[in-house]
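Please look over the sequence and the model first, then read the points below.

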Amino acid sequence: MTPPADSSLSPETIRAHLNTRELGATLSVHDEVDSTNHILADLARAGASHGTVVVAESQTAGRGRLGRPWISPRGVNLYASILLTTAQASSAITWIPLLTAVAAVRAITTLAGLSLRVKWPNDVLVPRDGEERKLAGILVEAISGGQTGAKAVVVGIGINVNMPAEAFPEGLRPSATSLLIETGHSVARAPLLAALLEEMERLHNQLRDHGADGIAAAYQSLCDTLGKQVRIELAGNDPIEGTAEGLAPDGALRLRTREGKILEIRAGDIVHLR
Ligand code: BTN
């Protein structure tokens, strides 16, 4: 399956689809960067405004959660980072990774017609044949220093769009997927990014104006982790197993351990057991 080249990722093609007030008002598309999160963090420290977006055709050092790399070949996928700085109570910031997962699911569902699920906190998964394959990942990083104040965050999102199966490293093939693999056709990246930015803006405004309840409800209806037996792998610690019972008020995962203890998990890799 060789996708036709999607050469349409430019500021002009993205703007032609964009219907936002703030997200993407300042937008740059680069041919190659180390990491769009890194470029945008530097811009934030130099005073970039809320809603600034950095997009790249390829990344040489794409960053994933928990220090993992994010495979970022040229011209096929979306690699984008969005700066959020305005009026965020510190208590709301912890909802941004979850809010972004909801926005990604809504945008991808609208554009590609897939039914998607989320693994806590923010892996976007495609359920197929009793398995779940990862389609998109989100890395939210707080910015400190410079002119931004403490509340700025860079939201990085990678969506596997037109990546054929053979372009994934062999070890990832059973657990990763792309829109091309799932739909059998290529998907234009500019309208997808525009839809994502619109959903993010809507949800971010909702969080700012009405608090986290609506976001929590939307997230819970998409999250496959809740109610499942899970194993939580934490760097440098023994894994913990238990039942994912729900979300804490800040979006942390409430886990009931085998011994009946309730833990609130704020970082770590989740494995769905059943
Ligand atoms: C994950 O591990 O699931 C998170 C992956 C996040 C990848 C995106 S691609 C755009 C942005 N730039 C990066 O270096 N990482 C994020």
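**The ligand and its contacts**

In this predicted model, a nitrogen atom of the ligand lies 3.0 Å from an N or O atom in the side chain of T36. The protein covers 98% of the 410 Å² of accessible area that the ligand has on its own. The ligand sits in the largest pocket.

**Residues around the ligand**

- There are 20 residues around the ligand, and those that come nearest are S35, Q59, R63, R65 and K134.
- For S35, a polar side-chain atom is 2.7 Å from an oxygen atom of the ligand.
- By residue type, the shell around the ligand holds six nonpolar, 10 polar and four charged residues.

**Elements that form the shell**

- Two or more residues of the shell come from each of these elements: the helix α2 (36–45) and the strands β3 (78–84), β6 (131–142) and β7 (153–159).
- With four residues, β6 gives the largest share of the shell around the ligand.

**Overall build**

- The protein contains seven helices and 12 strands.
- Taken along the principal axes, the box filled by the C-alpha atoms is roughly 55 × 45 × 35 Å.

**Backbone details in two loops**

- The peptide bond between W120 and P121 is cis, with omega at about 0 degrees.
- P121 belongs to the loop that runs between β4 (117–119) and β5 (123–128).
- L66 has a positive phi, near 55 degrees, although this residue is not a glycine.
- The loop between β2 (53–59) and β3 is where L66 is found.

Note on methods. Residues numbered from 1 in each chain as written. Predicted model: local features only at pLDDT ≥ 70, side-chain atom pairs only at ≥ 80, totals over all residues. Heavy atoms only, no water. Near = heavy atom within 4 Å. Polar contact = N/O pair within 3.5 Å; in protein donor to acceptor, adjacent residues only side chain to side chain. Areas by Shrake-Rupley, 256 points an atom, 1.4 Å probe, with all protein chains shown as cover. 1 Å grid on protein atoms, 1.4 Å probe; cavity = no way out; pocket = protein on both sides within 12 Å on 5 of 7 lines; lining within 4 Å. Sits in = over half its atoms within 2 Å of the grid points. Nonpolar A, V, L, I, M, F, W, Y, C, P; charged D, E, K, R; others polar.
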